[in-house]
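Below is a short report on the fold and the ligand site of one protein model. Please look over the sequence and coordinates first.

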Amino acid sequence: MTNPQPARSFHGLGIAPRLLEQIARLGFSEPTPIQQQAIPPAIDGKDVVGIAQTGTGKTLAFGIPTIQRLAQVKGRALIVLPTRELAQQVDEALLRVGRAIGLRTAVLIGGASMYGQIKQLTRSPHLVIATPGRLIDHLEQKRIRLGDIRILVLDEADRMLDMGFAPQLRRILAAVPPPAERQTMLFSATIPDAIMQIARNQMRLPVRIEVARSGTAAETVAQEVFVVPKQDKTRLLEKILLQTRGSVLVFMRTKHTAKRLTRLVKAMGHTAAELHANRTLSQRRAALDGFKQGIYRVLVATDIAARGIDVTGIELVVNYDLPSVAEAYVHRIGRTGRAGQVGKAISFVMPDQQRDLRQIERLIRMTLKVSRLPELPPARPKPAFEPQGRPRRSSFSPQSRGGYAGSFRQPQRTARFGRNRHRRRGRLHQRH
Ligand code: ADP
Ligand code: MG
């Protein structure tokens with residue numbers, strides 16, 4: 001059900017005056033389409049499935065009704081989502097609206113101290129924001145009970161209900177009251193039919209709001225594809241980075257390749273950080289914060305960063321590797337072009353990945369423009385590191401000799417010495 005009428009303001013959606021005040025203070029004058037359509041039924045206590053493109057304000061579409069209803073229902077709310085970074089971001093977004101009216105939250109995520117989280121729980125938070133693994137840890141240790149959850153939100157709902165999280169979600173759903181005794185809200189830019197079938201058992205006849213069909217990519221993102229052999233990917237990225245001035249988010253399929261590519265990008269002379277599951281929580285936070293602040297122009301990440309992360313002003317998303325599932329494509333490129341801004345996404349497709357490309361095109365219902373491969377900088381000879389094991393980072397320019405390997409295989413071939421050396425440098429770097 002879509003409403004062609006553009007919304008004028010947040011008034012008339014059933015939002016309480018005190019909350020309207022806070023929303024106005026944030027500088028939001030007009031609700032986005034998903035906010036306009038989802039807030040009224042959600043405030044009425046109905047179950048809601050909300051599908052809208054990336055970057056269109058889904059957080060407040062469930063956040064505002066959740067905060068408002070917490071004042072009316074006896075009990076608490078639980079928001080479950082896939083990553084630590086998203087948990088922290090949603091917490092910040094909701095506190096911006098709710099703090100002034102006394103909202104207390106607890107954020108339960110992996111990698112952070114249990115002690116700090118237990119302390120948050122003793123302050124009887126109204127709202128718990130959690131990733132599944134850590135929430136289950138707390139459940140098992142009986143640090144938290146979910147019997148009084150009256151509002152359950154699954155952000156990035158299709159990811160939460162897919163096979164990867166299914167066993168954990170089952171446990172959580174067994175600990176909260178049954179569907180009839182709670183309000184359930186699911187939000188995402190992609191909810192495949194198969195997932196919707198599963199979700200139905202967990203809801204009471206939900207109101208389905210589909211601002212754009214599931215899988216619709218953000219309209220503000222210009223998409224481009226290069227068909228490129230594996231061995232030329234790095235040099236193509238090098239060329240693209242030289243042509244881009246702003247922040248670039250690069251997606252890799254594995255954490256190991258993310259780590260290696262980060263090293264190569266640094267050797268090209270760019271500031272870069274890595275975000276993947278082999279990093280500690282504080283390293284992950286430093287990478288994302290540094291990227292937001294412009295300390296690092298390039299962030300190399302796995303799909304951990306594909307969903308939800310809201311960094312305004314990312315200029316370009318590069319799919320160095322195509323994602324393993326088509327839905328992830330929509331989420332990845334949705335890290336740019338947020339809140340109506342323009343953005344760009346470039347995907348590297350290897351010659352034998354045409355089928356994957358077709359799958360993505362079917363999902364987004366668009367044919368992607370395949371661009372001609374530009375002339376690439378010459379492959380760089382070894383060594384990846386100077387004899388002393390010091391990567392030549394700052395001296396890199398298209399004219400400069402050597403400095404980085406130019407392909408993925410090279411750094412692997414460097415001696416152990418070189419790698420350890422790099423690790424030491426990495427640690428040193430963080431302390432500064
Ligand atoms: P989604 O979850 O749909 O990907 P987010 O909730 O992360 O999107 O919101 C994307 C951005 O839009 C955020 O920076 C948020 O502050 C901003 N935003 C949300 N609602 C509005 C609004 N009504 N008007 C302007 N900007 C908004
Ligand atoms: Mg979101």
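Seven strands build an open sheet with parallel pairing, ordered S3-S4-S2-S5-S6-S1-S7. Helices (H or I, at least four residues) and strands (E, at least two) are DSSP runs numbered from the N terminus. Two strands pair if DSSP finds at least two bridges between them. Strand S3 (105–108) and strand S7 (207–210) are the edge strands, each pairing on one side only. From one strand to the next, the twist averages 15°. Axes are lines fitted to C-alpha atoms, for helices over the stretch in contact, and angles run from 0 to 180 degrees between N-to-C directions.

This is a predicted model: local features need pLDDT of at least 70, side-chain atom pairs count only at pLDDT 80 or more, and totals for chains, interfaces and linings use all residues. Residues are numbered from 1 along each chain as its sequence is written, chains are lettered from A and ligands numbered from 1 in the order in which they are written, and side-chain values use heavy atoms, with hydrogens and water left out.

Strand S1 (residues 48–51) runs parallel to strand S6 (residues 183–188), joined by four bridges. Ile-51 stands opposite Ser-188 in S6. Helix H3 (residues 58–70) lies across strand S2 (76–80), strand S4 (127–130), strand S5 (149–155) and S6. H3 runs at about 165° to S6.

Now the ligand. There are 16 residues around ligand 1, and Glu-30, Gln-35, Gly-55, Thr-59 and Asp-310 come nearest. Being near means having a heavy atom within 4 Å. The shell has four nonpolar, eight polar and four charged residues. Polar contacts are pairs of N or O atoms within 3.5 Å.

| Residue | Its polar atom | Distance to an oxygen atom of ligand 1 |
|---|---|---|
| Gly-55 | backbone | 2.7 Å |
| Thr-59 | side chain | 2.6 Å |

Taken alone, ligand 1 exposes 560 Å², and the protein buries 81% of that. Areas come from the Shrake-Rupley method with a 1.4 Å probe.

Another open sheet has seven strands, paired in parallel, in the order S10-S11-S9-S12-S13-S8-S14. Strand S10 (272–275) and strand S14 (370–371) each have a single partner strand, so one side of each is left without a neighbour in the sheet. Four bridges join the parallel strands S9 (residues 247–251) and S11 (residues 298–301). Leu-249 has Leu-299 as its bridge partner in S11. Helix H10 (residues 233–243) packs on this sheet. Its contacts (heavy atoms within 4.5 Å) include S9 and S11. H10 makes about 165° with the direction of strand S13 (343–349).

Note on methods
Polar contact = N/O pair within 3.5 Å; in protein donor to acceptor, adjacent residues only side chain to side chain. Nonpolar A, V, L, I, M, F, W, Y, C, P; charged D, E, K, R; others polar.
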